[in-house]
Amino acid sequence: MSGDPSLQDLKPHYPVLIIGAGINGCGLFRDLSLQGVDCLLIDRGDICEGASAAPSRLIHGGIKYLETGEFRLVRESAMERNRLLRNAPHVVKPIETVLPVASWFGGIVSSALRFVGAKAKMKDRGAIITEIGLRIYDAYNRQVRALPDHQFWGSGALRSEYPSFARHIKAAGLYCEGRITHAERLGMELVMDGLAANPGSALRTYCSPSRDTEAPRILLTDAITGERRSVTADVLVNAGGAWIDKINASLGINSQHMGGSKGSHLVVRNAELFDALAGRMIYFGTADGRVNLIYPFFGNVLIGATDIPVKDPDEAHCSAKETDYLLSTVREIFPLICITHDQVLLSYCGVRPLPRSEGKDIGAVSRDHAIARDTLPGTGTPVLSLIGGKWTTFRAFAAQAADEVLSKLARKRSVSTEDLAIGGGRGYPADEVSAEALARAIAAQSKLEIACARQLLSRYGTSASAVAATIAATSDKPLLAIHGYSAGEIIHICRTESVRRLSDVLLRRTAIAMECLLSAAAVEEAADIVADALGWTPARRNAEANLMRAEMTRRAIPDHTAAKTAA
């Protein structure tokens with residue numbers, strides 16, 4: 001099996017063609033497939049390769065959006081966060097969040113001005129404003145209850161919990177958000193669920209669209225094999241994120257829907273900072289009026305995020321200036337903790353798919369979602385562009401888009417996704433006792449060590465049983481260069497998860513890169529396993545390893561040693 005499905009196996013016509021396999025495209029693909037609609041999902045790269053692979057990895061209600069009066073977005077975000085905690089509990093986990101405040105009355109005037117649309121920097125979010133915001137947040141949280149109400153700490157409680165906080169911090173709110181341990185895997189599971197629900201749907205990665213000379217055909221080109229094939233569709237959906245206008249241009253549509261904002265993040269290894277966080281996220285206002293975050297991440301610390309306008313999403317990267325800025329913001333909260341540049345293990349950057357808002361402060365541009373409507377030139381084929389959105393609200397946005405597509409197809413919704421589990425979240429244990437029982441059952445059935453079964457359950461949810469079965473049926477061995485992973489695990493991913501490149505495995509199907517386990521040795525070891533699983537020739541295997549090393553260089557991913565040092 002080469003891992004390269006032929007474009008010739010596609011049907012000549014699909015009711016819906018979705019361009020872009022980021023989280024919006026993946027969510028819509030699953031939703032429509034569940035309704036029995038045959039969909040073709042394509043992407044010029046892999047599933048969740050672009051901005052969907054570069055978020056703050058939070059599933060959050062968006063408390064900061066209250067400042068701009070976006071109550072509908074906050075309400076929807078809080079409810080969708082709680083649904084994801086229920087529907088994808090294997091990858092979406094609650095995290096206690098600390099919201100430090102430096103005054104009692106600060107921000108009241110600025111909040112009022114921003115609420116009515118006036119320009120005003122929020123350089124101080126005081127205790128009164130924070131408490132009001134958290135009370136509103138609690139009210140929205142209760143509509144789909146999954147998390148407790150907030151608490152408010154005075155100076156004494158705050159200093160007891162966080163003695164290393166800067167002295168100007170006077171109090172703090174404590175509430176709960178969600179974090180996503182492996183965003184790319186959730187996106188992939190949505191696609192796999194869609195394919196399982198409707199065999200008439202199809203996925204093609206590394207596949208780009210353009211206008212065929214014979215309208216209304218869309219010409220598809222496979223970037224790996226060079227193969228080409230034309231298809232038609234009743235409805236086109238452009239889910240290309242920050243690339244929406246570029247994709248529309250390739251279809252002959254002149255649109256100006258998008259503006260972009262890059263968000264850069266750092267992963268650092270600093271034991272003092274890791275310990276100071278006490279297992280919680282710190283969500284804090286900075287001196288320049290932004291809201292940033294710090295939280296524990298795979299034994300290290302994730303710091304984010306910048307918010308900088310960009311014109312070309314293909315040129316976005318985390319600059320040295322952004323690295324310096326993010327490190328400096330940590331000192332605003334923990335002034336005595338020194339983070340050096342050599343402790344930065346990883347930086348990554350994505351472009352938020354924001355609506356075009358010329359002349360508006362990028363921080364004030366709405367993070368809400370919307371649908372733009374165009375028509376394929378020379379045809380009556382509608383083209384829907386999915387603008388905005390975020391990981392937290394992808395399901396609601398997908399449902400909105402799916403309902404519009406169904407209307408255009410003169411079909412009705414038959415399945416709701418509100419309470420539908422995703423991938424390895426189906427049948428996931430409700431508590432630690434049940435989780436331990438399941439891990440022991442997996443270990444017994446596959447004859448694995450209990451520690452291995454627990455690890456598989458934490459990574460794959462209830463899909464761990466299938467992964468364990470593959471491990472048991474192969475000549476499994478621990479990977480020497482990638483601590484905590486095994487050959488059988490990689491083989492299972494290659495066989496079942498639409499892998500076409502080595503980078504699919506190392507950057508997205510696993511959390512190897514985010515765990516900061518990548519190295520030259522890791523690339524070589526993984527390349528051998530993937531090549532054997534997918535039937536690659538030696539030349540293809542070497543080419544994939546070279547591409548992976550080039551990608552590490554492009555992303556400025558350091559060559560980490562195989563052994564992971566505890567934070």
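This is a predicted model: local features need pLDDT of at least 70, side-chain atom pairs count only at pLDDT 80 or more; totals for chains, interfaces and linings use all residues.
Residues are numbered from 1 along each chain as its sequence is written, and side-chain values use heavy atoms, with hydrogens and water left out.

Searching the whole structure turns up 7 aromatic pairs. Rings of Phe, Tyr and Trp (its six-membered ring) pair if their centres lie within 6.5 Å; planes under 30 degrees apart are stacked, over 60 edge-to-face, and the rest tilted. Tyr 162 and Phe 165 make a stacked pair, at 4.8 Å centre to centre and 20° between the planes. Tyr 162 is buried at 0% relative accessible area, and Phe 165 is buried at 2%. Here buried means under 20% relative accessible area, exposed over 50%, and partly exposed in between (1.4 Å probe, protein chains only).

Phe 297 and Phe 298 go edge-to-face, because their planes stand at 75° with the ring centres 5.0 Å apart. Phe 297 is buried at 5%, whereas Phe 298 is partly exposed at 29%.

Charges turn up over rings too: NZ of Lys or CZ of Arg has to be within 6 Å of the ring centre and within 35 degrees of the ring normal. Arg 459 lies over the face of Tyr 485, 3.7 Å from the ring centre, and Arg 501 lies over that of Tyr 206 at 5.3 Å.
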